[in-house]
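Dear colleague,

Please find below the structure that I am handing over to you. My notes on what was found in it follow directly after.

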Amino acid sequence: MTNITKQQFGSLSCGKPVYSYKLTNSKGAYLEVIEFGGAIRSIVVPDSEGALVDVALGYDDLGSYVSQDKYIGALIGRHGNRVEDAKFKLGRKVYTLAKNDGRNNLHSGPKGFDKRLWHGETDGETLVLSYRSEDGEEGFPGNLDVTVRYSFTEDNALIIDYKAESDADTLCNLTNHCYFNLDGQASGSILEHSLKINATHFTVGNSECLPTGYVAKVEGTPLDFTDFHTIGERIGEKYEQLIFAGGYDHNFCPDGKGMRQVATLKAAKSGIVMDVYSDLPGIQFYSGNFLDGTAPYGKGGKPIEKRTGLCLETQFYPNAMKHRNFEQPVLRAGEKYHHVTVYSFSVQG
């Protein structure tokens, strides 16, 4: 049985309190989430010796979440990842977004869902976060009502259940930007982690990490994770895709449809394994290339250095509105958006 406790995590400059919720299972493993940005602050699971390890990067205080620009732990929306030229056409109208990544839009702009105060409440053993994104917020059309349910099971699985509905046609591509280090936050590099992604194809990116519309085979490239490879094994190769992104920052196209296992991450030191399941068409593997050790510092006052955490973000393909061969992240008025992602933790046998 999961027990949920609530306590104040801080207050915003406007005076509004922000609460954290801790979901603890009967074995003492737990998930902690704060209302600001819907951010995952901690995921604490047992290692191969039975010791509890916090495998999620995060911060000790609310001010750090407010000021950070790395999206650590946060819910991302309305539209995760990049939109070329910070604009898209929907119906007969062109909508203009903020240019916060060169000429492009990243993660919806400077005040996306990661910078919004969500409303938390418990529903049995589940935390439910809700937020209404008003028509025109960050340039997107329609009033979008979003609920995200966080569950943490007896067998140490984090389930994120996303639902949304809009009163006008809009974009909706929700994800979570948790940075994982299975040896423990502040334990050092993730380059020795082993990764398998069940994808034979990826979306080719340009020098701005924007998918060009071309879907290529991973076979014969450093992006081939169809079998386990350590992240550091090929990250420095002189391969154009790696050079463009400064490492791994690519959308993979997991094989199959519907809910399926899309990736597995393993850490030899701790023995912790994370299996990722999703019903979405894509998953972004980001190797923490732009973490830079500058303030705000992470939990325990430790700098969050380059490649000390990685992201596996389930999603619709980035820049899909530019490429009609990609599944479109369009939510029609009155229709229901519903997708689920699971991060399941265990130890190597």
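The second largest cavity is lined by Gly77, Arg78, Ser108, Lys111, Gly112, Phe113, Ser133, Glu137, Glu138 and Phe140. On a 1 Å grid over the protein atoms alone, a cavity is a set of points where a 1.4 Å probe fits but cannot get out, and lining residues have an atom within 4 Å of a point. The volume of this second largest cavity is about 30 Å³, a volume being the space filled by probe spheres set on the points, which are joined across faces, edges and corners. Its lining has 2 nonpolar, 4 polar and 4 charged residues; here Ala, Val, Leu, Ile, Met, Phe, Trp, Tyr, Cys and Pro count as nonpolar, Asp, Glu, Lys and Arg as charged, and the others, Gly among them, as polar.

Please note that this is a predicted model, in which local features need pLDDT of at least 70, side-chain atom pairs count only at pLDDT 80 or more, and totals for chains, interfaces and linings use all residues. Residues are numbered from 1 along each chain as its sequence is written, and side-chain values use heavy atoms, with hydrogens and water left out.

There are 2 cavities of 30 Å³ or more. The largest cavity has a volume of about 80 Å³, and among its 14 lining residues Thr203, Gly205, Cys209, Asp249 and His250 are the closest to its centre. At least two lining residues come from each of β18 (201–205), α2 (240–245) and β21 (249–253); helices (H or I, at least four residues) and strands (E, at least two) are DSSP runs, numbered from the N terminus. By class, this lining has 6 nonpolar, 7 polar and 1 charged residues.

The largest pocket holds about 370 Å³ of space, a pocket being an open set of points with protein on both sides within 12 Å along at least five of seven lines. It is lined by 18 residues, of which Tyr71, Arg82, Leu106, Tyr286 and Phe290 are the closest to its centre.

Turning to the strands, β1-β2-β3-β4-β5 form, in that order, an open sheet with antiparallel pairing; two strands pair if DSSP finds at least two bridges between them. The edge strands are β1 (3–11) and β5 (52–54). Strands β2 (residues 17–24) and β3 (residues 30–34) are joined by 5 bridges, and Ser20 has Ile34 in β3 as its bridge partner.

Elsewhere, β17 (residues 194–197) runs antiparallel to β20 (residues 229–230), with 2 bridges, and antiparallel to β22 (residues 260–266), with 4 bridges. Leu195 stands opposite His229 in β20, and its bridge partner in β22 is Leu265.

With kind regards
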